[in-house]
Amino acid sequence: SSLNYAISILVSKGYEVGAYFFDNRVEIPKASSVSERPLNWVHFTLLGNGILPDARVRFRTTVKISNKLRKLAFGDLHGISPIVWKTVTTKPNDISTTFSSESNDVPMFCANMTPAMQKRVLYIRHYVAERYFMKRSDHTNFSMSIRAKVTRVREFHRNHVDGAEFGTPIEKTEMCLDFDVEVANRIVQNGAHNEMEQFACSILRETTELAMELKKQRLQFH
C-alpha cells in the first residue's frame, strides 16, 4: 500500500529542513514539498492547576527553501528520497513488535546513499492516518475558524547504539488545533488591541475545553 512520510534532514549544524513524500510503491518517491524547520516566534506553556491541564501555544512560520538549498539537502534538484520502505515479516511472539500498528513497513537507506548523507537524516515520520475537523468559535461577538488535525504517526529515529539504521518506531497519536492566521493578520494591521485579546482568549478557551473533554475520556493529552 502507499505511504505518506516526512524526513528531517540536517543541512548544517544550525539549519534543518523537512521534506514530505508520497510513496506509491511504483515510482521512486520525490519530495512534494521541502521547507525550513518551523520557526517559533512565540512558544509558551500555561501550567495547569491539577484540574485544568497544561496548554502549549505556538505561533510559527515555515518557508519553502530555494533550489540551491534543495540541491544541498538532497544532492540533486529532484529531491529523491534517501530511504526506501521494506515490509518485514515477524513472528507473533516477537518482542520487537510490541507496538500496535498494523504496518510492518520499516525504512532503509537507499543503496547509493553515502555515509555522509545517512548521518544528515535525523528522523522519519510515517503518517499512518490523518483526520481533519472544522469548527467555528464564537464568543462575545468574536468569531474565527479552527481546524483540528488528528494524526497517527510512527516515528523512526537514527539508532547509533547497535549499528542498526533506525530503531524501533515510536507510535503515537497527535492532535493539533490550527487557528485562522488571517484573523491575526487583520487584527495586527488594523491595530485592534481589544480584538487581539479576544483572539488570544479564544485560543486558550478552545484548547482548554478540548483538553478537559479528552481528560474526561481518560485520554492522555500533551
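Predicted model: local features only at pLDDT ≥ 70, side-chain atom pairs only at ≥ 80, totals over all residues.
Local features need pLDDT of at least 70 and side-chain atom pairs count only at pLDDT 80 or more, while totals for chains, interfaces and linings use all residues. Residues are numbered from 1 along each chain as its sequence is written, and side-chain values use heavy atoms, with hydrogens and water left out.

**View 1. The largest nonpolar core has 24 residues.** A nonpolar core is a set of buried Ala, Val, Leu, Ile, Met, Phe, Trp, Tyr and Cys residues joined through side-chain atoms within 4.5 Å; buried means under 20% relative accessible area with a 1.4 Å probe, protein chains only. Tyr5, Ile7, Val17, Phe74, Ile83 and Ile124 have the most contacts inside this core. Strand 1 (3-12) and strand 8 (121-139) are among the elements that each supply at least two of its residues. Strand 1 gives the largest share, five residues.

**View 2. Surroundings of isoleucine 83.** Beyond its neighbours within four places in sequence, isoleucine 83 is in contact (heavy atoms within 4.5 Å) with Tyr5, Ile7, Pro107, Met108, Phe109, Cys110, Ile124 and Phe166.

**View 3. Strand 8 and its partners, strand 1 and strand 9.** Strands are DSSP E runs of at least two residues, helices H or I runs of at least four, numbered from the N terminus; pairing requires at least two DSSP bridges. Strand 8 pairs antiparallel with strand 1 over six bridges, and tyrosine 123 is the bridge partner of serine 8. Strand 8 also pairs antiparallel with strand 9 (residues 142-157), over 16 bridges; here serine 137 stands opposite methionine 144.

**View 4. Helix 4, residues 193-216.** Its buried residues include Phe199, Ile203, Glu206 and Leu214.

Technical notes. Expected span 1.5 Å × (residues − 1). Buried < 20%, exposed > 50% of the residue type's maximum accessible area, 1.4 Å probe, protein only.
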